[in-house]
Amino acid sequence: MANQPLAVAVPGVSGRMGQMLVRALAERDDVVLAGATERPGHDWIGKDLGEAMGGATSGITISDDPLAVFSGVRAVLDFTSPDATVTHADIAAQARLVHVIGTTGLEARHLTRLSAASRHAIIVRAGNMSLGVNLLTVLTRRVAAALDEDFDIEIVEMHHHHKVDAPSGTALMLGQAAAEGRGVALDDVSDRARDGQTGARKRGDIGFAALRGGDVVGEHDAIFAGAGERIVLRHIATDRMIFARGAVKAALWGDGRKPGEYSMIDVLGLG
């Protein structure tokens with residue numbers, strides 16, 4: 001199997017990231033798109049994927065049955081919705097697949113389901129699949145560990161006006177990294193809602209601000225603000241292909257590994 005391309009399925013293929021994943025897979029010869037799905041009732045169901053995307057015939061018919069599609073692949077690249085993702089995780093666990101998850105907006109109930117699925121599937125999950133963002137995450141953790149609570153931590157993110165969740169998954173990654181660096185639980189120090197007479201900032205809190213507008217792909221700042229000085233760690237994404245290419249890399253890395261939960265930090269050897 002090592003000499004064969006990794007067979008991959010893309011659920012939610014009509015979406016912005018779904019189509020980007022299709023293009024990222026086409027760039028390489030060590031992976032092959034072997035199946036694609038959409039939700040029941042979607043206009044693309046039953047159509048050829050290439051033609052649905054406005055190109056040549058691909059030979060792949062878009063299905064609304066992930067169980068059937070996943071049975072013919074070794075990896076799934078999933079940037080869908082939280083509820084869809086946990087459904088896919090259950091199926092991936094049955095087939096012992098690599099399940100790469102870039103879905104954001106996951107809640108505790110979703111994470112519990114994913115943890116259970118990881119007993120049989122290789123789950124690689126990250127709020128952001130880019131190399132640069134994961135480097136930023138490592139740096140944020142290290143800076144937070146080096147500085148005490150005299151430095152206030154603020155996570156600021158901006159995305160396009162179509163984004164439906166806030167803070168972004170990447171912002172939460174950065175906040176979690178900062179909390180780990182400080183040795184605290186993010187839930188205990190997270191400050192996400194400031195409006196009106198909020199009073200002075202609480203020492204030790206990690207603040208979040210979410211901006212939305214235009215076609216911004218993604219901008220994230222981890223700000224450490226002390227008396228008389230600020231440290232700003234920043235990542236700016238200008239092309240969504242960085243996320244798709246990172247997801248493909250994660251699938252290739254996960255193939256053949258033991259079941260469990262992994263992150264892009266593991267994939268990139270930055271842990």
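The model is predicted: local features need pLDDT of at least 70 and side-chain atom pairs count only at pLDDT 80 or more, while totals for chains, interfaces and linings use all residues. Residues are numbered from 1 along each chain as its sequence is written, and side-chain values use heavy atoms, with hydrogens and water left out.

**The parallel sheet**

Begin by selecting the strands β2, β1, β3, β4, β5 and β11, which in that order form an open sheet of six strands with parallel pairing. Helices (H or I, at least four residues) and strands (E, at least two) are DSSP runs, numbered from the N terminus; two strands pair if DSSP finds at least two bridges between them. At the edges stand β2 (31-37) and β11, each of which pairs on one side only. From one strand to the next, the twist averages 20 degrees; axes are lines fitted to C-alpha atoms, for helices over the stretch in contact, and angles run from 0 to 180 degrees between N-to-C directions.

Next, select β4 (residues 98-101) together with β5 (residues 122-125), a parallel pair joined over four bridges. Within this pair, V98 has I122 as its bridge partner, and H99 stands opposite I123.

**Helices on the parallel sheet**

Select helix α5 (residues 108-117), which with β4 and β5 makes a right-handed β-α-β unit. The crossover counts as right-handed if, with the strands pointing away from the viewer, the path from the first strand over the helix to the second runs clockwise.

Proceed to α4, which lies across β1 (6-11), β3 (75-78) and β4 and runs at about 165 degrees to β4. Helix α9 also packs on the sheet, where it touches β1, β2, β3, β4, β5 and β11, and its direction makes about 155 degrees with that of β4. Contact means heavy atoms within 4.5 Å.

**Two helix pairs**

Show α4 (residues 82-95) with α5: their axes come within 9 Å and cross at roughly 10 degrees. The two helices are therefore roughly parallel to each other (angles under 35 degrees count as roughly parallel, over 145 as roughly antiparallel, 65 to 115 as roughly perpendicular and the rest as oblique). From α4, the contact residues include P82, V86 and A93, and from α5 they include R109, H110 and L114.

Then select α1 (residues 16-26) and α9 (residues 241-254), which pack at about 60 degrees with axes 9 Å apart. They are therefore oblique to each other. Among the residues that meet are M17, M20 and L21 in α1 and F243, A244 and V248 in α9. This contact comprises ten nonpolar, no polar and two charged residues (Ala, Val, Leu, Ile, Met, Phe, Trp, Tyr, Cys and Pro count as nonpolar, Asp, Glu, Lys and Arg as charged, and the others, Gly among them, as polar).

**The mixed sheet**

Finally, select the open sheet of five strands, ordered β7-β8-β6-β9-β10, in which the pairing is mixed. Its edges are β7 (190-191) and β10 (229-237), each with a single partner strand, so one side of each is left without a neighbour in the sheet. Strands β6 (residues 152-159) and β9 (residues 218-226) run antiparallel and are joined by seven bridges; V156 stands opposite D221 in β9.
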